[in-house]
Amino acid sequence: MVGALVALLVLGVAALWPSGGDDGDAQQQARPMTVPAGAGVDVGAVLSAVEPSVVSIETRSALAQGQAGAGTGIVLTADGLVLTNAHVIAGLNEIQVGLFGGERAPARLVGSYPDSDIALIQIEGESGLEPAELGSSAALQVGEEVIAIGNALNLGGRPTVTRGIVSALDRSLSAEGITLSNLIQTDAAINPGNSGGPLVNAAGQVVGVNTAIIGDAQNIGFSIE
């Protein structure tokens, strides 16, 4: 997972939902959790650990009135580098980010990779943010409990949290003109607006990026490894 995020070699597709300390301390700010063997997921504890590293993203077009979208992002660095999906910001050049404490800040696009549907944005004027702790998607097992966190349906306030299991691994899916592979299938509810948000394990580590749903199915969602 760490290599995939750093190298920007991840894929992601999901629908948009229309909406009306310093860098050196980055590793120290993460709050890893210790989970006893055989213990179930403590959803509240996981949320407490991960939520400071999850941001909501709202986008608008400065040229076309009424064009707007919403998604989710994962904080990667203390100075506000955020991972999200390319389609969250595609064609929408005004980016606003909602932070954990309720503050809102503008962000700018750092780089977008439409072929893999991944993007990085930089929150402007922020420091001391809490980076997400990255885990290993390769260590996931079918049946393992996971939690999806994100700006589902752009409802505002704190993020939506859903719980499920890893339903399958190494899935492939074609959508929006690209093919996604090595996907994690989960029955944790994923909705429009969750795009770019984290799928986390019982230790609060990011093991996937919530990315795709099948509209006519029930409890079938996909996250990139």
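Helices (H or I, at least four residues) and strands (E, at least two) are taken here as DSSP runs, numbered from the N terminus. On that basis the protein chain comes out with four helices and twelve strands. This is a predicted model, so local features need pLDDT of at least 70 and side-chain atom pairs count only at pLDDT 80 or more, while totals for chains, interfaces and linings use all residues. Residues are numbered from 1 along each chain as its sequence is written, and side-chain values use heavy atoms, with hydrogens and water left out.

Of the 225 residues of the protein chain, 49% count as buried (buried is under 20% relative accessible area, exposed over 50%, and partly exposed in between, with a 1.4 Å probe and protein chains only).

Next, the interior. A nonpolar core is a set of buried Ala, Val, Leu, Ile, Met, Phe, Trp, Tyr and Cys residues joined through side-chain atoms within 4.5 Å. The largest one has 24 residues, and Val46, Val50, Ile147, Ile149, Leu183 and Val200 have the most contacts inside it. Two or more residues each come from helix 3 (43–50), strand 6 (118–123), strand 7 (145–150), strand 9 (178–186), strand 11 (206–213) and strand 12 (221–224). Helix 3 gives the largest share, four residues. Another core, of 16 residues, lies apart from this one and includes Val55, Val82, Ala86 and Ala105.

Strand 7 deserves a look of its own. Five of its six residues are buried, so the strand is mostly covered. Strands count as paired if DSSP finds at least two bridges between them. Strand 7 runs antiparallel to strand 8 (residues 160–175), with six bridges joining the two, and Glu145 stands opposite Ile165 in strand 8. Strand 10 (residues 198–200) also pairs with strand 7 in the antiparallel sense, over two bridges; here Ala148 stands opposite Leu199.

The loop between strand 6 and strand 7 holds both Leu134 and Gln141. Leu134 counts as partly exposed at 23% relative accessibility, whereas Gln141 is exposed, with a relative accessible area of 55%. Leu134 sits 4.8 Å from Val206, C-alpha to C-alpha, although the two are 72 residues apart in sequence. Val206 itself lies in strand 11 and is buried, at a relative accessible area of 1%. Leu134 and Gly204 are 8.7 Å apart by C-alpha atoms and 70 residues apart in sequence. For Gln141 and Leu169, the C-alpha distance is 7.9 Å across a sequence separation of 28 residues.

Finally, the pockets (open sets of points on a 1 Å grid over the protein atoms alone, where a 1.4 Å probe fits, with protein on both sides within 12 Å along at least five of seven lines; lining residues have an atom within 4 Å of a point). The largest pocket has a volume of about 290 Å³, a volume being the space filled by probe spheres set on the points, which are joined across faces, edges and corners. Its lining has 18 residues, with Ser56, Gly98, Leu99, Gly157 and Arg158 nearest the centre. Strand 1 (residues 54–60) gives the largest share of that lining, four residues. By type, the lining divides into five nonpolar, eight polar and five charged residues (Ala, Val, Leu, Ile, Met, Phe, Trp, Tyr, Cys and Pro are nonpolar, Asp, Glu, Lys and Arg charged, and the others, Gly among them, polar).
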